[in-house]
Every structure is written in structure tokens, then in C-alpha cells.
Amino acid sequence: MKQILSLILSFTLFFPLAACDTGESGSKIQYAAPSRQAPEISTPSEDGSDSGDANILVAYFSATGNTRVLAECAADVLNADLYEIQAQTPYTSEDLNYNDSSSRTSKEQNDPSARPEISGQVENMEKYDIVILGYPIWWGQASKIVSTFLESYDFSGKTIVPFCTSGSSGIGSSDKNLSELCSESASWKEGKRFSSDTSREDVAEWLNSLELVLKTSSDISVSSFDLDNGENGKAPAVLLNSGYRMPVAGIGTYSLLDDTCVESVVSALKSGVRLIDTAYMYHNEAEVGKAVRESGVPREEIFVTTKLYPSQFDRAAEAIDEAMEKLNLGYIDLMLLHHPGKGDVDAYKAMEQAVKDGKIRSIGLSNWYIEEMEEFLPQITVMPALVQNEIHPYYQENDVIPYMHEKGIVMEGWYPLGGRGYTHELLNDETIVAIAQLHGKSAAQVILRWNLQKGVVVIPGSSNPDHISENISLFDFKLTEDEMERINSLDRGEKHDWY
Ligand SMILES: Cc1cc2nc3c(=O)[nH]c(=O)nc-3n(C[C@H](O)[C@H](O)[C@H](O)COP(=O)(O)O)c2cc1C
């Protein structure tokens, strides 16, 4: 068997991979002229430039240059950072002699505990969400130095996409064996083997097929809203990582039913509200849709969010179509999973598919906290655009908000005014009332403004036209740092609902 392998290798080893050549060396296979155009997986950004370059690392080991060619190509296509895993003691041609069973590589590959030392390290590995990992196949497995690399960092929560180059062998069990060296919470994608006739297009096509979703680029700020450009009755927008804009203040429709719901939403739209939050569980999607259609405001100016309830998770694709029918607005701006539950990953994947089908524009989650996110994110491919949780001065989520913002996820607060049964206490809180008096504003407006200044979108519910109008009049005053701090200090970690 070993002899047969040697024979195969002797035919194949000396035909190096040459695709993705930049054209300097005439002997190499040429590929279509390099273009800077990123594949579809790049995140849209306002100016059309590539984004997400900060969160993908292409790391590779290459002894004879084949893997390097493809790694450089992948980094170029993705506009990602490139890192070469270099051996502390470089491999000589004797070391690489596969015919010599006592060669360095042969010994290393046969020794399960061998961990060849690496020279240098990746700076700030923590900033990467996705690591594309390239390596050559040596005797059917990844070169051992790749094991050293994987054991040198914490890959928890990261997505790892392996690829290999070889003379003729497939990727075999090499990627699976490597995955076992990493934290269980790392998400391993299926590995891919490349051969000598690989072109740049092949690499780009493969990367594209992975449907990786890149983190929002740093020029998209989800943590501080453009409040100075807001006007009463006209909330500014935040750019979601899906590329769509969403107003930062709107109306929640929980408990608004039938005509009350239609009237409240129409009244909100008249007051300038352009963000409406509903859910399957609120039993008013049809009324929200009706109000939008009857309002006379162009559909594309309005942003409608709805949610799938856990009872729908096992038939999510159908449930999405039902929500589309009830709303009857052509498309859904944002759909969230209402709270974690059995089948939530599959339901989320159904939403991902609905985005591709043009039914939904952006997707996200509701009632997901850090622990739930850590478990959920490695299982999905599209980063949520938004997370909607209970947030008010008595339940501030000061740990969750920066966590989401750091991932480029917009935070939205439900129960911004404390929620049913608690509004009275919150609106009469003496700190808030004192600040409100100073600004000549209501306590509700101060709380909503506090949320906005913290980078939290607000969707207070109301059927009272005066309150609705008041809730969108948040842009003619500003809380000072001291006032923000005074409200921050009211946190009691006091949840007002069970989610
Ligand atoms: C020590 C050694 C062992 C190898 N074993 C295999 C093998 O088992 N199967 C195979 O198809 N190619 C094998 N190859 C060929 C390499 O996998 C192939 O040339 C690869 O593209 C080299 O990548 P690099 O240039 O990035 O180092 C071996 C090469 C070397 C040096």
C-alpha cells in the first residue's frame, strides 16, 4: 500500500499548484485577471467598499508554496488578513522527503504527540470571527504544525474553514482530526481539497458557497446613533449589518388588538413613526399590515418587524409565508425569533433562506442573552442584525448591550417604560422626574432618550395618540453625561417579564 502511495506521489508531487498566480511567473497556470471585486459574501456598506476585512483571517502553512498561492488568493478575494504559520526550524528538502521513512516529516506525522514549534504568532486572534485554515496533506493528514497552531489559541465561538492542497489525496479525515483539537464551541465548516488546476474563480466560488456572514465593518456604528440629525416626528436611522436602515424609535404593538391596533398604528404613522413592531404572538399582524397599507405612507418608508414564536419553529418556512400573507406588505423588513426554544437553529435557517428568497430583508433574535448567543452563533451563518430584549432603567442589561454592539448587532429594548404593571413606578421615579423637569420633558421621554443615548432602539407601545406623538419627540433635548449616569445608577437587575 505504501509503495502504491509512493508511486502516486511521485507522479503528483512535482506538479505544484499554480492557480491564483498573479502572473509574474510565466510557467504557472494563468487565471483570469485579478479583480478586487469581493464575492457576494461581503457585507454591504454604504459606500460599496468591502467590509468585514477585520474579522476574517486566512492562516496557512505551506512548505513548498502550493497552499500559499491559494491562501493569498482567498485573502485577496475576501479582503481578509493573511498569516503564514512558519516553522521555528524551517523544513529542508531532506525533511520533506516522503520516500525516506526516517525523514523529519515522516517521523512527525507518525508521532501523535509531535507539535513542531511555530515562529511568531497571530496578533489579536480574538478580533477574528472566521479563520480560513490552509495546509498541505502529508501522508493523508494535515502537517503536524497545524495541530500546534490550533492548540495555541482559543477558537471558542469562531468559525473555522479548513482547506488543503495535495498531490492527489482528498482531505480525508484530516479536517475532522484537526477539529478535535479545538474548543467545542468553535464551528468547523466542511473542509475542501484543492488541486493543481484550481483557479481564482474556483476559490472565490468555494468561499461564496460557504455563505459566511461577515461582521459589520467598523464604519457602521450600531452603538451610537446619529441623534443630532433626528427631529421630533422623524427618528434618525441606524444601518443594520444586512445593509438596510432602520429608524431608532418606533411603536410596539403588544396588546393592541383589532381596530385599536389599526388606529394606533395609523396614528403613529401620522406622527412620523416609521418603525412598527409586531409578532405572531401579538395576534395583530394583519391589523398592522392594514394600517400600513391604509396610511398613505409609501411602503418603502416604513420598517415592519415581526417574530416567529417557538410554537412555529418546527414549521418555520410555512410560518414565514403565513406572516407574509397576514401582513400583506410585499416583504418583511425584519423577522426575529421571539425567544429561544426547541428547533430555534432550524427556524433561524428558514429565515436565512427567506432572506435569499427575498421575503425577509433582515433577521435577528429576541430574548437572547450572552450565554444563549454563545451557544447559538456557532450554529448559524448569518449574523443577527438585531437583538430585542427587555431593557429599562430597572433592568439595564449593561453586560448584554456592549456584547451585541461589539458584534455589530443593533440592540432594541422592549418594555422601555418598565412594562405592564411597572410603568407607574418608573415614570414616577424621583431621579427621572427631576431630570424630566429640568428639560421640560415627560419622564417617558427622558427614559426613551436615555435608551437612545445608550445605543438602544426604542419601541414603546401606546394607543394614546398624544403619548404616541410624545414618544417620537425625543430629538430636541439631550441628557448630559451626569444625567445618563444618574439613570444608569437606577439599575436593579429587576426583570419585569419571564423571558
Ligand atoms: C512529506 C510529504 C508528504 C506528502 N504526502 C502526500 C499525500 O499523502 N497525498 C498527496 O496527495 N500528496 C502528498 N504530498 C504532496 C503535497 O500534499 C502537495 O504537494 C501540497 O500541495 C504541498 O503543499 P505546500 O506546497 O503548500 O507545502 C506530500 C508532500 C510531502 C512533502
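This is a predicted model: local features need pLDDT of at least 70, side-chain atom pairs count only at pLDDT 80 or more; totals for chains, interfaces and linings use all residues.
Residues are numbered from 1 along each chain as its sequence is written.

**Overall view**

The protein has 17 helices and 19 strands, where helices (H or I, at least four residues) and strands (E, at least two) are DSSP runs numbered from the N terminus. Of the 499 residues in the protein, 45% are buried; a residue is buried if 20 or more other C-beta atoms lie within 10 Å of its own, exposed if 12 or fewer, and partly exposed in between, with C-beta atoms placed from the backbone. Two residues are in contact if their C-beta atoms, placed from the backbone, lie within 7 Å. Among contacts between residues at least 6 apart in sequence, 76% join residues at least 24 apart.

The buried residues of α15 are Ala443, Ala444, Gln445, Val446, Ile447, Leu448, Arg449, Trp450, Asn451 and Leu452. What covers them includes the strands β18 (410-414) and β19 (456-458), together with the helices α13 (423-427), α14 (430-439), α16 and α17 (481-488).

Helix α7 (residues 258-271) has 14 residues, which at 1.5 Å a residue should span 20 Å, and its end C-alpha atoms are 20 Å apart, which agrees; the expected span is 1.5 Å times one less than the number of residues. Buried in α7 are Cys261, Val262, Ser264, Val265, Ser267, Ala268 and Leu269, and their cover includes β12 (251-252), β13 (275-277), α8 (285-295) and α16 (465-471). Asp258, which lies in α7, is exposed, with 11 other C-beta atoms within 10 Å. Just after α7, Gly272 takes a positive phi of about 105°.

Helix α8 also holds Glu294, which is exposed, with 12 other C-beta atoms within 10 Å. The C-alpha atoms of Glu294 and Val266 are separated by 7.8 Å, although these residues are 28 residues apart along the chain.

**Two helix pairs**

The axes of helix α2 (residues 66-78) and helix α6 (residues 200-209) come within 10 Å and cross at roughly 60°. That makes α2 oblique to α6, given that angles under 35 degrees count as roughly parallel, over 145 as roughly antiparallel, 65 to 115 as roughly perpendicular and the rest as oblique. Axes here are lines fitted to C-alpha atoms, for helices over the stretch in contact, and angles run from 0 to 180 degrees between N-to-C directions. The crossing of α2 and α6 is right-handed; a crossing is left-handed if the near helix is turned anticlockwise from the far one by less than a right angle, and right-handed if clockwise. Leu70, Cys73, Ala74, Val77 and Leu78 of α2 meet Arg200, Val203, Ala204 and Leu207 of α6. By class, this contact has eight nonpolar, no polar and one charged residues, where Ala, Val, Leu, Ile, Met, Phe, Trp, Tyr, Cys and Pro count as nonpolar, Asp, Glu, Lys and Arg as charged, and the others, Gly among them, as polar.

Helices α14 and α17 pack at an angle of about 160°, with their axes 9 Å apart. That makes α14 roughly antiparallel to α17, and α14 passes α17 in a left-handed crossing. Thr431, Ile432 and Ile435 of α14 make the contact with Glu483, Arg486 and Ile487 of α17, and these residues divide into three nonpolar, one polar and two charged.

**Single residues**

Val387 has its place in strand β17 (residues 386-390) and counts as buried, with 24 C-beta neighbours inside 10 Å. Leaving aside neighbours within four places in sequence, Val387 is in contact with Gly364, Leu365, Ser366, Trp368, Met404, Ile409 and Met411.

| Residue | Phi |
|---|---|
| Asn124 | about 55° |
| Asp258 | about 50° |

Asn124 sits in the loop between β4 (118-119) and β5 (130-138), and with 9 C-beta neighbours inside 10 Å, Asn124 counts as exposed.
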